[in-house]
Protein chains: 2
Amino acid sequence: MSKLVPHEENLTARYAERAARMVPSEIRSLFAVASRPEIVSLAGGMPNLSALPMEMMADVVQKLILENGQEALQYGSGQGHPRLREQICEMMALEGIRAKSDDVVITTGSQAALDLITRIFVDPGDVILVEAPSYVGALGVFAQYQSQVVHIAMDDKGLIPAALTEAITKVRAAGGKIKFLYCIPNFQNPSGVTMPASRRTEILDICREAEIFVVEDNPYGLLGFDGPVPNAMRAEDHENVIYLGSFSKTIVPGLRVGWALVPQGVKEKLIIANESSVLCPSNFAQLTISSYLAHEPWRDQIASFCSLYKERRDAMLESLDAHFPASATWTKPKGGFYVWVTLPPEIDTKVLVPRAIAAKVAYVPGTAFYADGFGSWQMRLSYCHPTPERIRKGVAALGNVVKEEIARRGGETPKAVR
Amino acid sequence: MSKLVPHEENLTARYAERAARMVPSEIRSLFAVASRPEIVSLAGGMPNLSALPMEMMADVVQKLILENGQEALQYGSGQGHPRLREQICEMMALEGIRAKSDDVVITTGSQAALDLITRIFVDPGDVILVEAPSYVGALGVFAQYQSQVVHIAMDDKGLIPAALTEAITKVRAAGGKIKFLYCIPNFQNPSGVTMPASRRTEILDICREAEIFVVEDNPYGLLGFDGPVPNAMRAEDHENVIYLGSFSKTIVPGLRVGWALVPQGVKEKLIIANESSVLCPSNFAQLTISSYLAHEPWRDQIASFCSLYKERRDAMLESLDAHFPASATWTKPKGGFYVWVTLPPEIDTKVLVPRAIAAKVAYVPGTAFYADGFGSWQMRLSYCHPTPERIRKGVAALGNVVKEEIARRGGETPKAVR
């Protein structure tokens, strides 16, 4: 045996440059704690599967293997199964999208689609425009491909068009190469905000004019509680929008099936990248979803999910009103999973985490959703998973932690102390 | 609507540099033709699922959802399910590997593990050493990460140590940065060759001395037909080997479950890369395999697969003896899926493909398995999928095509013409 065994200290020298940006998200370490049963977790984004009829799912998979096991358990195509791609088009039609199944590429969750789209377009140093704040999992992908993330300010209607225009001008003046705008127009993660139709048109016009793709990530679009949701951005522009969809929130996440609907020129590259990454998406997972869509009342099931989440959203907003200080503000989501809370700027939500955990409640600090360290006085609260009762308990406990911190800093006096 | 709509012609300018290397493999276009029922396909590497008891698989998945649906259908961990990681360690013990489940990272097939390992280690221009010939799906990954592939000559015992040493010296003298050696020691794809134990030790010593990781890809290790298979390379060196395993050939490919067993220092990066790429591997697929391993006679099932493949291997070798010209040589695999045929060097196996298809047989031309255009007079024949009878028919037809081509070029006269 030679002595030249590589030890951890000399591993770093062997890594690719991008490995320096493979660092754990702020969310990850938190989740280990948040999953303890005594903690009310307002941190995770796990869909609530309590409304899912397990017997029906069990029948679907059993039948699938008995009737079509040779196909379901075999390798499939790199683009994904043709039948499921047809069904995906029918589903997308609910949001105004007219698409051919030939333009759909199925991926291992929409996360994989985002990873591969970034692989196709982004060289180190390229700029990606994202909402401020944005999805932590997207920021992780963009970091691994060594991009520069530029955040665009939002208001209660989502991305601000003037801020987008300004950012494009500024980045280009500085010689930056913008590859795409990444956005979540419906019930945004983490803000909960939805872009109205007119705002979508404005954003699309700006991007088309500037020759920047829009990557529209839409996992929550069918989970609206309060009336109609605007059409997808892809419905309005089929040439300049790459659309990402997912079954994780409308059916189940454990099968890992998502998709990208892409302009023809991008499709070939995406299939090749998909093959290189996983050979093919799982036939079994795809055909399970395909059978479910073909034979089960999936629209009713989504309606059940919606009423389950609405009840929880209501519980959270009521509790915030009752227990959070007047100096805090928060968004009022009309669907999806998240409420975004802004505290007085002197409060550091990362510092508060251990105190919240001690009070048996968890949340995600705002900085997790920015690539640039912003958001230290913000937090994301998820209402998707706990029961309404637990949500009330958790928000009340968190409200006390926040009010105590404000009091400690000489601001507003917590109610309990008055 | 602005006129500045991006059309295909200006897409290229937007792509990342690596996209230029996202090109279809030579295998892909062939597979569309090879899958026609009238063609005997000796091209694909699809495992043969005819020996798999579908009723048992159907019961496994049905029970899994009824008893543990809330977990099986939910998001899981980025490292993979702890129970399955334990079972993977038991399985690897069959090949002499002693490992902790904490060092296993489960991925979407072992293809994803290879993709992510490359992501962690390889910068553009870095060198990866591979066997000559090597797995086409690995070459695709290495191309996407813009590496330089250097092929190392093999003999009937696999990689030639002297050739490896020489390549390392040469690459380094030219300033090249070698990141790892990628090899398939058992029943190699495409050559069918197996490295004996002593050869493994030599290769390991060279790599350790040179501070080069070995990436040992072992999807076929348990599919040996002719007596014992040497221990895995990882069994001998736990610090310098990254081991890739897969259930695609021992259970089924349609679930897309594989794994990497990595040195501790690499593990954290791999989990983060896995999360970025797919959030988490499918809980449902992992728990299906876990239940199967826990409750079904999986060793017997692998034995059934082995006797199924042995019968086919025998049919292919007998037919090659009977129908191929004396100027051709081929490997004699003791397991796995493939025979590698070398024809006289003036024969171009890519040119022969349409004639083979006309004779109702398909194979993969040798050049697909080299990054440098070598192998034009070689071909890979798979015996895994067709029936023995169809294999005999296909090899006979292909033998005639080959002999006709040799005759056309003034070489050996085909028997049919004699």
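What follows is a short chat about a predicted model with chains A and B.

Student: Before we start, what should I know about the numbering and the model?
Tutor: Residues are numbered from 1 along each chain as its sequence is written, and chains are lettered from A in the order in which they are written. This is a predicted model, where local features need pLDDT of at least 70, side-chain atom pairs count only at pLDDT 80 or more, and totals for chains, interfaces and linings use all residues.

Student: Okay, how many residues does each chain put into the contact?
Tutor: Chain A gives 71 residues and chain B gives 71 residues. Two residues are in contact if their C-beta atoms, placed from the backbone, lie within 7 Å.

Student: And which helix of chain A gives the most to that side?
Tutor: Helix 3 of chain A, with 11 residues. Helices here are DSSP runs (H or I, at least four residues), numbered from the N terminus.

Student: What's the make-up of chain A's side?
Tutor: That side of chain A has 36 nonpolar, 19 polar and 16 charged residues. Ala, Val, Leu, Ile, Met, Phe, Trp, Tyr, Cys and Pro count as nonpolar, Asp, Glu, Lys and Arg as charged, and the others, Gly among them, as polar.

Student: How are the two chains related?
Tutor: A rotation of 180° with 0.0 Å of shift along its axis superposes chain A on chain B, at an RMSD of 0.0 Å. The copies are thus related as by a two-fold rotation axis.

Student: Which residue of chain A comes closest to the axis?
Tutor: A:Gln62, with its C-alpha at 2.6 Å. Also, 100% of the interface residues of chain A are interface residues in chain B too, so the copies meet through the same surface.

Student: New topic: which residues of helix 13 in chain A are buried?
Tutor: In helix 13 (residues 349–358), A:Thr349, A:Leu352, A:Val353 and A:Ala356 are buried. Buried means 20 or more other C-beta atoms within 10 Å of a residue's own, exposed 12 or fewer, and partly exposed in between, with C-beta atoms placed from the backbone.

Student: Why do they line one face?
Tutor: Seen down the axis of helix 13 of chain A, the buried residues fall within an arc of 130°, so they line one face. The arc is that of the directions from the helix axis to the C-beta atoms.

Student: What about B:Leu398, buried or exposed?
Tutor: B:Leu398 counts as buried because it has 27 C-beta neighbours inside 10 Å. B:Leu398 sits in helix 14 (residues 388–408) of chain B.

Notes:
Helix = DSSP H or I, 4+ residues; strand = E, 2+ residues; numbered from the N terminus. Least-squares fit on C-alpha atoms with pLDDT ≥ 70 in both.
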